[in-house]
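Here are my notes on the charged side chains. Please read them with the model open.

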Amino acid sequence: MAKRIDVSGLTAYYSTFKAIEDISMTVEPRSVTAFIGPSGCGKSTFLRTLNRMHEVTPGGRVEGKVMLDDENLYGSGVDPVTVRREVGMVFQRPNPFPTMSIFDNVAAGLRLNGSYKKSELNDVVEKSLRGANLWDEVKDRLNRPGSGLSGGQQQRLCIARAIAVEPKVLLMDEPCSALDPISTLAIEDLIGELKEHFTIVIVTHNMQQAARVSDRTAFFNLAAVGQPGKLIEIDDTERIFSNPSVQATEDYISGRFG
Ligand SMILES: Nc1ncnc2c1ncn2[C@@H]1O[C@H](COP(=O)(O)OP(=O)(O)OP(=O)(O)O)[C@@H](O)[C@H]1O
Ligand SMILES: [Mg+2]
C-alpha cells in the first residue's frame, strides 16, 4: 500500500543536543500509530518533526527526510505553514482560543485560509463538531466561549478545530493525559471514527490506550540520559503487546522499567 508518511534517517537537535537519532518508519493512510517509550526518549520531539513544529523551538534543527505522500516536507521551497495545515496537531492540554466562541474556535483555521461565505462556514463548523462528537452538546451555545466547556469537551473542540481544515494527518501528543476516564474513552472512541478519514499518530504513556486505539505501535528508548532517543521497533500493535522482537520493548510494556 502507498505510504502516507515515510520518514528516513531523521535526526533532530536542540542546538547542539541530539534529541533523537536516525529514525526511519512508514505510516499507512487511515491508520492509527501509537508512540510509546519512557519520558525523555524523544516522542514529542519526533512528533513535532512530522509537521515542522520542531524548528519553531529556538535551536530546533532536523536532518533527514519526511515524505508526506509525494512531498518531502523538508524540501526546498516547502512552506511550513502549508505543512501544518496538512498535518494538524492536538496537544496534551486542551488549548481552545480563550476569548473566542465555540463557533469561532472551529472556524479559525478556515478563516486564515481564505474567505468563506457564512453558510459555508456554518456547514464546516457543524460537520467538524459532529466529526468530533461534540455537536449535540454545544449546538445551542455556539456563541459562548470555548473556554467555558469541560476539559473533555475542550479537547474535542480542539479536535474539531484541527479537522475543520481537513488535514491528511492528525498528530496527538498525550491528548487524554489531562482528562478523566470517561472523557478519555470518548476521545479513544473518536480516534477510532476519525481514522476512517485521517491518518493518526498518537503519543501515549497509557499502554492500554495504545493497545486499544492503535494499529501499529512504535517503541522509543534511550540508552542513557543525555543520549539521543532511538526507535527500537515498530510493528503491529498486537504483536508489540504479545510478542515483541526486542527484549527492551518487552521490559517496557510489562512495566519492568520506564
Ligand atoms: N525545548 C527544548 N530545548 C532543549 N531540549 C529539549 C527541549 N524539549 C525537549 N528537549 C529534550 O529533548 C529530549 C526529548 O524530549 P521529548 O520532550 O521529545 O521527550 P518525550 O519522549 O516526549 O518525553 P515525555 O514522555 O516526558 O513527554 C529530552 O532530553 C528533553 O529534555
Ligand atoms: Mg512528550
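The points below cover salt bridges and the exposure of their partners.

1. Ground rules. This is a predicted model, in which local features need pLDDT of at least 70, side-chain atom pairs count only at pLDDT 80 or more, and totals for chains, interfaces and linings use all residues. Residues are numbered from 1 along each chain as its sequence is written, and side-chain values use heavy atoms, with hydrogens and water left out.

2. Overall count. The structure holds 18 salt bridges. The term means a side-chain nitrogen of Lys or Arg within 4 Å of a carboxyl oxygen of Asp or Glu.

3. Lys-18 and Glu-21. Their side chains form a salt bridge, at 2.7 Å from N to O. Lys-18 is partly exposed, at 26% relative accessible area. (Buried is under 20%, exposed over 50%, partly exposed in between, with a 1.4 Å probe and protein chains only.)

4. Asp-215 and Lys-195. The closest N and O atoms of this salt bridge are 2.9 Å apart. The pair links distant parts of the chain, 20 residues apart. Asp-215 lies in the loop between helix H8 (207-213) and strand E9 (216-222). Lys-195 lies in the loop between helix H7 (181-194) and strand E8 (199-203). Helices (H or I, at least four residues) and strands (E, at least two) are DSSP runs, numbered from the N terminus. Asp-215 is partly exposed at 31%, and Lys-195 is partly exposed at 23%.

5. Asp-235 and Arg-239. This salt bridge has its closest N and O atoms 3.4 Å apart. Asp-235 is buried, at 17% relative accessibility. Arg-239 is partly exposed, at 38%.

6. A network. Arg-4, Asp-69, Glu-86 and Lys-168 are joined into one network by salt bridges that share partners.

Notes
Chains are lettered from A and ligands numbered from 1 in the order in which they are written.
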